[in-house]
Amino acid sequence: MSAEPVKQGVSDIRRAARLSVAPMMDWTDRHCRVFHRGISRQALLYTEMVTAPALVRGGALHLLDHDPVEHPVALQLGGSDPGELAQAARLGREAGYDEINLNCGCPSDRVQSGTFGAVLMKHPATVVDCVKAMMDATGAEVTVKCRIGVDDQDPEEVLPEFLGQLAQAGCKRIIVHARKAWLKGLSPKENREIPPLDYDLVRRMRAQFPGLHLSINGGVENLEQAQALLEDGFDGVMIGRAAYHKPWECLAGADARLWPDRPASGITDRAAAARAMLPYIERHLATGGKLGQVTRHMLGLFAGQPGARRWRQILSEGASDPKAGPELVEAALAAVTPQEVI
């Protein structure tokens, strides 16, 4: 892993936002982010969504734990109370996060019951109040991740109104998942796949709001597709599940392609990406952590390659052994990589 970086300024974060890995519940935890950072030194990483009540009322400050190597890294918050979100944003900034993001796109029932996530698309005035409070409390760049609309809303009307109010409030960077969210009738998984993508609508928003930094999210499967969208004029591209299931296809080579004047990760093959995690794994185990907490995020490293199934099998089954350590990763590598690479 490369030397520890310092926190990033706003201009650096916006450069990093050319390519980002989406916040994903139960997936983009601190171990996942360290793994992804090894593959790309420059891409912007996001935490899982952390709810403001958990931090402010529950005192769950351990949810803010992260490794210094993760920078540039953003904290995504969930909530709808401006005062509570302001306190949570302050805690996140004090913990060292480079950006604070408000979730206005998650459609799960659990999130809806807390009156945040995608349901906030119906309450733009509340979102504005929240964003203002978060900015006033931190001085950091506060961003929003949203959908193009929810339920029976007309995205052609709702999205420009939503973006316009945020822009007027001083929010300068927004990530748009280019699908509607159906709050009733579709599961979160179905909401990521069934509502059709509408990239053209988000393209029109670029022209309508030239002062906004707009990133597009939804349906991006690899680095080539992300690069094509950037060349099409989008300010940034956020990749979700593909970056988790196929991290090499989405992140390897990104540094050289998208930030040719910035330091690259230096990792040039999958085996090196796996081995870069060994010191981190050793430190994690030394503090009482479990191997599987880290290696579960590495299962997709060899996706599409010969031996990928064996790689997943060795890591998945072996990590359940409480005595398992870094040698399990080497054993899995031996099953999938040519001997000259080993």
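Student: What should I know before reading the numbers?

Tutor: The model is predicted, so local features need pLDDT of at least 70 and side-chain atom pairs count only at pLDDT 80 or more, while totals for chains, interfaces and linings use all residues. Residues are numbered from 1 along each chain as its sequence is written, and side-chain values use heavy atoms, with hydrogens and water left out.

Student: How is a pair of packed helices described?

Tutor: Two packed helices are described by the angle between their axes and the distance between the axes. Here, the axes of helix α6 (residues 124–138) and helix α7 (residues 155–169) come within 10 Å and cross at roughly 25°. Angles under 35 degrees count as roughly parallel, over 145 as roughly antiparallel, 65 to 115 as roughly perpendicular and the rest as oblique. α6 and α7 are therefore roughly parallel to each other.

Student: Which residues of α6 and α7 meet?

Tutor: Contact means heavy atoms within 4.5 Å. From α6, Pro124, Ala125, Val127, Val128, Val131, Lys132 and Met135 meet Phe162, Gln165, Leu166 and Ala169 of α7. By class, the contact of α6 with α7 has nine nonpolar, one polar and one charged residues.

Student: At what angle do α4 and α6 cross?

Tutor: The axes of helix α4 (residues 82–94) and α6 cross at roughly 40° and come within 8 Å. That makes α4 oblique to α6. On the α4 side, the contact is made by Pro82, Leu85, Ala86, Ala89, Arg90 and Arg93. The α6 side has Asp129, Cys130, Ala133, Met134, Ala137 and Thr138. By class, the contact of α4 with α6 has eight nonpolar, one polar and three charged residues.

Student: How many residues of helix α2 are buried?

Tutor: Buried means under 20% relative accessible area, exposed over 50%, and partly exposed in between, with a 1.4 Å probe and protein chains only. Helix α2 (residues 30–39) is mostly covered, with nine of its 10 residues buried. Among them are His31, Cys32, Arg33 and Val34.

Student: What caps the N-terminal end of α2?

Tutor: Asp29 caps that end of α2, with a side-chain oxygen 3.1 Å from the backbone nitrogen of His31.

Student: Is Thr295 buried or exposed?

Tutor: Thr295 counts as buried, at 2% relative accessibility. Thr295 is found in helix α16 (residues 291–295). Leaving out residues up to four places away in sequence, Thr295 touches Ile281, Leu315, Ala319 and Val329.

Terms used:
Axes are lines fitted to C-alpha atoms, for helices over the stretch in contact, and angles run from 0 to 180 degrees between N-to-C directions. Helices (H or I, at least four residues) and strands (E, at least two) are DSSP runs, numbered from the N terminus. Ala, Val, Leu, Ile, Met, Phe, Trp, Tyr, Cys and Pro count as nonpolar, Asp, Glu, Lys and Arg as charged, and the others, Gly among them, as polar. A polar contact is a pair of N or O atoms within 3.5 Å; within protein, one must be able to donate a hydrogen and the other to accept it, and residues adjacent in sequence count only if both atoms are side-chain atoms.
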